[in-house]
Each structure stands twice: as structure tokens, then as C-alpha cells.
Amino acid sequence: MTVTQGFEDFDVAGFLREFWQQKPLLIRNPWADWTNPLSPDELAGLAMEDHVEARLITRGEDSWQAEHGPIPERRFGALGRDPWTLLVQAVDQNVPEVAALIEPFRFIPDWRIDDVMVSYANDGGGVGAHFDHYDVFLIQGLGRRRWQIGGHCDQSTALLPHDHLRLLANFEPVEEWVLEPGDILYVPPGVAHNGVAVGDDCMTYSVGFRAPSRSELISGWCDDQLAAMQDDDRYSDPMLAQQENPGEISAEAIDRLHGMITAQLQDRDAFARWFGEFNSTPKYPEIDWQPDEQIDAAQLRSLSSEGASFYRNSASRFSYVRDSGDTVILFVDGESYECAGEAAELAEQICAQTRIHVESGAMISDTMLELLVSLINQGSMAIDD
Ligand code: SIN
Ligand code: CO
């Protein structure tokens, strides 16, 4: 199955071997025909909306200010010539043309993709020198930006004191490039970087990845397990042997207590299901994508008998795990669906492609129909009319 519409002349295997998670790479315009998918005005419009996460960063003489969205229209009007930048998160979830930018990067598994943040800056604007905890492909959309790359940072790296921004106290660039529209800079986690707009109308699209922290995995997985636990599932010690010093917590007791935890948390299949649901949970659950009218299997059968196309909601994250044999568990929007046979094939197809087409007169089984109906009614897929 071909999934990714890749870049022209881009060596994926070489990139994964030599750069991914290791070192930055500048990729000069690899697109067949780069066109900026969103206008500055459309981005500003999104930043004014309630449900969209946006920030406006302005730079004075020697201080940085961060304002959180929604950003009112009059605020844009009041911006002067001092450098500023607008950042809007998860634009892919609102603009399918921006979601399409992810497609060529699908040589990385979908579950690792977080979102596409879009920035707009005037001349000199930027977010300051910083490092991120995740990999990012910075696509220059419009205008030009000078990117400087520094060394590797970690928790001990000194930051400037600021309530909202994590800016590096000392940034020493080791390399720099000016990116033109269509150029891409890959930056691995922990590598210092600083992007400054060269001229006005500078737009950058950040395809950002996710890397769950050990602490969020442990807390999420434990919370999930706790929800189903019984109060009478307790420590017990039949055949207790009298010990020399009653004050000692014996090694056997510690082993048994520790085993109560490890045995519970070791269920790999349960973990896989929890992780799939957790990872596909919508970032912005307040946005309701459900259709105005729910559809049932009979309606969908009659509709698809004449041929129909279905497309994935660009805000929904699809992934699956292979269970056993021909069974897969599909994860979408925090839900899981166990699929076997033809439904499993359909689930895999939906995960590979963002759009599927049912030919007129094609045989479509009840289980496939049931899966599609659920996905449509929960707002994860829609019928293309
Ligand atoms: C930007 O678009 O200005 C910042 C993106 C980043 O550094 O991660
Ligand atoms: Co960054």
C-alpha cells in the first residue's frame, strides 16, 4: 500500500539514518510546486477565535511579552514597527490545506505527529532562541526567515527569567541559513534554534512531533488501571513465618507488595489499548465535530450503493495496533474499535489514506458498514458530497 506522497529527490532512508533525532538538516524546497496554503489574514482570523490556541509575542528594547489568545482584531491594528510574531497552534485541525502539509512527512508514524503550528512575523519578529522537547520540521511558507542553530540543551541549560517563555540565557549559533518559501529546516529535540523574520510577511509552518514523557505515560496508565480496581484486592500473607525482629519489613513482604504493582501494570495488551486511546484523544475536546444528523447503516448502504467517498476529519488522529491474526484495534478520537476480517482491512486502509472511495455497486459488508457509521456519527469521518 503506498501511503506517502513524498518529496521530489528526498532520501528518506538516509534522513532517518543520519538526521532524525540526531542533527539538524536544511532541505531546500523539495516540493513539486510550493504554494503557501494559508494567508496571513486567515491566520489572524483563526487567532481571533475562542477555540483556537494562539499567542502574540512582542519584543521591546530588551524584554519579551507574551499575550494569550483569542487576540482581538484591534490588537493587530495597534501593533507598531517593533518586532512581533503571532503563533497559532494546531492549524491543521481547522484548515485541511494545512493538514495536507503533514502528508510528505508520513515516513514518520502518524501516532508521533502532534500538530502544525503556524507563525506570522513582521521584520525582525521571532520567538527568541529556545529549544523544544520534540522534533520539528520548520517549513518556510511565505517571506524569508534567518534560522540559527546552536548546541544541544537539556534541563540544566540556563533560561532567561520569564513567566511564559522559555528563552535561552546564552545562545551561541554554530550555523545559520536564510530560508525561502518551500525550504524546510529539520530540528531534533533539544537543539537550540532561533528564527528571525527577514522582511515583513514571514510565515512558518512547524510540523511538530510528540514524544510522551515517562511521567505522563505512568500517570495516565496508572489512572486507567486504578479506575477498574477493587478495594478488596489487597495484600495477603498466608503461611506467614514468624520473623526474628518484628520491626523488619521482610524482603518477602517487599517482593509481594512490589509484585502487586508490577503484575498489574505489566498487561501489555491492556497497555496497548490504553495507549492507542490516550494518544488519539482530541487535543481540543470542546470542538464538537459530530454531524447535525446521525446516519444509520441502512442510509449509509443505500448512499454507498451509488458510489461514495469518505474523508477523515483533519482534527482526528487515526492509528491501529495489530491484535492477533487478522484482528486490529483501530483508535480514533480516544475511542477504540476491535475490527476483524473485512472491517480490519477497512480500518487499515483508513489509517493509511486520509480519504477512501467505495465504487458504485461494490460489496460492502455489515461490519464495514458498522465501522463507517460509528466513525461518521462520532465526527471522525465525513461523507464527501
Ligand atoms: C516560529 O515559527 O517562529 C517558531 C517555531 C519554532 O521555533 O519551533
Ligand atoms: Co522551536
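A: The model is a predicted one, in which local features need pLDDT of at least 70 and side-chain atom pairs count only at pLDDT 80 or more, while totals for chains, interfaces and linings use all residues. Residues are numbered from 1 along each chain as its sequence is written, chains are lettered from A and ligands numbered from 1 in the order in which they are written, and side-chain values use heavy atoms, with hydrogens and water left out.

A pocket is found on a 1 Å grid over the protein atoms alone, as an open set of points with protein on both sides within 12 Å along at least five of seven lines; a cavity is a set of points where a 1.4 Å probe fits but cannot get out, and lining residues have an atom within 4 Å of a point. Grid points are joined across faces, edges and corners, and a volume is the space filled by probe spheres set on the points.

The lining of this largest pocket counts 38 residues, and those nearest its centre are Y311, R312, N313, S314 and T354. Two or more lining residues come from each of α4 (96-99), α7 (268-280), β10 (308-312), β11 (318-322), α10 (366-377) and β15 (381-384). These helices (H or I, at least four residues) and strands (E, at least two) are DSSP runs, numbered from the N terminus. By residue type, the lining holds 15 nonpolar, 13 polar and ten charged residues. Here Ala, Val, Leu, Ile, Met, Phe, Trp, Tyr, Cys and Pro count as nonpolar, Asp, Glu, Lys and Arg as charged, and the others, Gly among them, as polar.

Why does the largest pocket lie between domain 1 and domain 2? Domain 1 (2-209) and domain 2 (297-384) both give residues to the lining, so the pocket lies between them. Their bounds come from an automatic or database domain assignment. The domain centres, taken over C-alpha atoms, are 33 Å apart. Where the domains meet, twelve residues of domain 1 and eight residues of domain 2 take part in the contact, which means heavy atoms within 4.5 Å.

Helix α10 is also where S374 sits. S374 has a relative accessible area of 26% and is therefore partly exposed; buried means under 20%, exposed over 50%, and partly exposed in between (1.4 Å probe, protein chains only). S374 and L26 are 348 residues apart along the chain, and 42 Å separate their C-alpha atoms.

The second largest pocket has a volume of about 680 Å³. Of its 31 lining residues, R55, M117, H130, D132 and Y134 are closest to the centre. Strand β9 provides the largest share of this lining, five residues, and at least two residues each come from β2 (54-59), β4 (84-88), β5, β6 and β9. Eleven of the lining residues are nonpolar, twelve polar and eight charged.

H130 lies in the loop between β5 and β6, while H193 is 63 residues away in strand β9 (residues 191-209), a pair that links distant parts of the chain. H130 and H193 are both buried.

A129 belongs to the loop between β5 (113-121) and β6 (136-152). A129 counts as buried because its relative accessibility is 12%. Leaving aside residues up to four places away in sequence, A129 touches R166, L167, L168, F171, H193 and N194.

Two cavities of 30 Å³ or more are found in the whole structure. The largest cavity has a volume of about 50 Å³, and among its lining residues are Q93, D114 and R210. The second largest cavity, at about 40 Å³, has a lining of four nonpolar, four polar and one charged residue; Q93 is one of its lining residues.
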